[in-house]
Amino acid sequence: MYYLAFFDQLTGLPNRHLFIMLLQRFIHDEETNNLHVCMLNLKNFGEINFLFGFDKGDEILKEIANRLRTLVKEGAAARLSGKAFGIALRNKEREEVVELVEKLSKEKVDSVDLNIKAGISSYPQDGENPKELLEKAELALLFAKNTVNFYKKEYEEKLKKELRIKEFLEESIEKKEFGVVYQPIVSLKDFRPVGAEALVRWYHPELGEVPPSIFVPVAEKYGLVSQINYIVMEKAFRELSDFVKEREFYLSINVNAEQFYSVELIQKLIEFEEKFKFPLRNVILELTERALMAKSEKAVEILSELKKLGVKIAIDDFGTGYSSMHYLVEFDVDEIKIDKSFIDKMLENVNAWQVVRNIIELTHNLNALALAEGVENEEQIRELKKLLCDEAQGYYFSPPLPFKKLIEFVENERQNLIK
């Protein structure tokens, strides 16, 4: 009965109840000079279960527990919930705590990367009891951008603002209150508009116009991106349906990893195709390298299903993620988008120029189109044309436009070409 009450049945580590008791003991122990409480979260645990199965997920949790037993010499380790572990480290310097967490996060279990992040609070400055220390560690974890993050008092206010935005986002999702703008994509062969990327915009009655840089990270953190993306997809299909039927013009839509690996994506595409009579051959789904590499075998399966529907695939922000030749051979991609960071530097930095040239050559060798993102001046266009880049988008041509302005832009450019 004692074991069932105080130990995790899968890993054999102390559970949350016993961990809190151990923290209390450490706090009252005269030999405790300082105490660091870490909350560890396995960020990609859902993906591991999905790709390899729950048995493999359980094996990985047990292996993490074994490694924590080895690494934590003076203190305690516990499994707090499904994918969350806790560590209490006594009389250690901050650097030692960081070193321990980073050592754990860099290791692999059966060739699976452990995407571990840790939030850390310290006794006595951050809290005087186990409850406070765990809450502060969880808050530090919530705002962790890198592997390890220590609690800061400013996180309290940040969390309030973040939760307020989250609440408003959920309300707007329910009411489908998001707008869509379109950034034109232009062929560099004849400067003809050949497509447009759909981008989300959010105007809230109380907050006003909220920039994507503010609300998208919140949506990502709380798993709301997929729902917003489907609202964007539905509105873009509705607005552009008649327009794309009359010409060769494609709609490019961003899709996150969660969407891509869910059965809902195929269902939604078929539903919107039937509802708006939108030809799926005119759709390009943009995915990041990271999204595709997360579950490469499953990705091949899904890409095959999308191809049967006529949907094309673009790799977004190419060069900033895995850039693995392995997946490029496996995945039948139609377009590779060269990240803006390389386009910005290509005229001044020979290495950036070389990267752009190599990506264009690689793309053509794969029988795909190369698209330059974030083009802002004529010099960049001139150089990209020399390198035989196929398409480009950016403020040099046009900022993102509402639907009616997009139609005007396309028609005006068509008239200019005729002239």
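Biologist: Is Cys-389 buried or exposed?
Modeller: Cys-389 is buried, at a relative accessible area of 4%. Buried means under 20%, exposed over 50% and partly exposed in between, with a 1.4 Å probe and protein chains only. This is a predicted model, where local features need pLDDT of at least 70, side-chain atom pairs count only at pLDDT 80 or more, and totals for chains, interfaces and linings use all residues. Residues are numbered from 1 along each chain as its sequence is written, and side-chain values use heavy atoms, leaving out hydrogens and water.

Biologist: And what about Cys-38, buried or exposed?
Modeller: Cys-38 is buried too, with 1% relative accessibility.

Biologist: New topic: where is Phe-26?
Modeller: Phe-26 sits in helix H2, residues 16-28 (helices are DSSP runs of H or I with at least four residues, strands are E runs of at least two, numbered from the N terminus). Phe-26 is buried at 9% relative accessibility.

Biologist: Where is Lys-152?
Modeller: Lys-152 is in the loop between strand S7 (148-150) and helix H7 (154-175). At 39% relative accessibility, Lys-152 is partly exposed.

Biologist: Nice. And Glu-96, which helix is that in?
Modeller: Glu-96 belongs to helix H5, residues 94-106. Glu-96 is partly exposed as well, with a relative accessible area of 40%.
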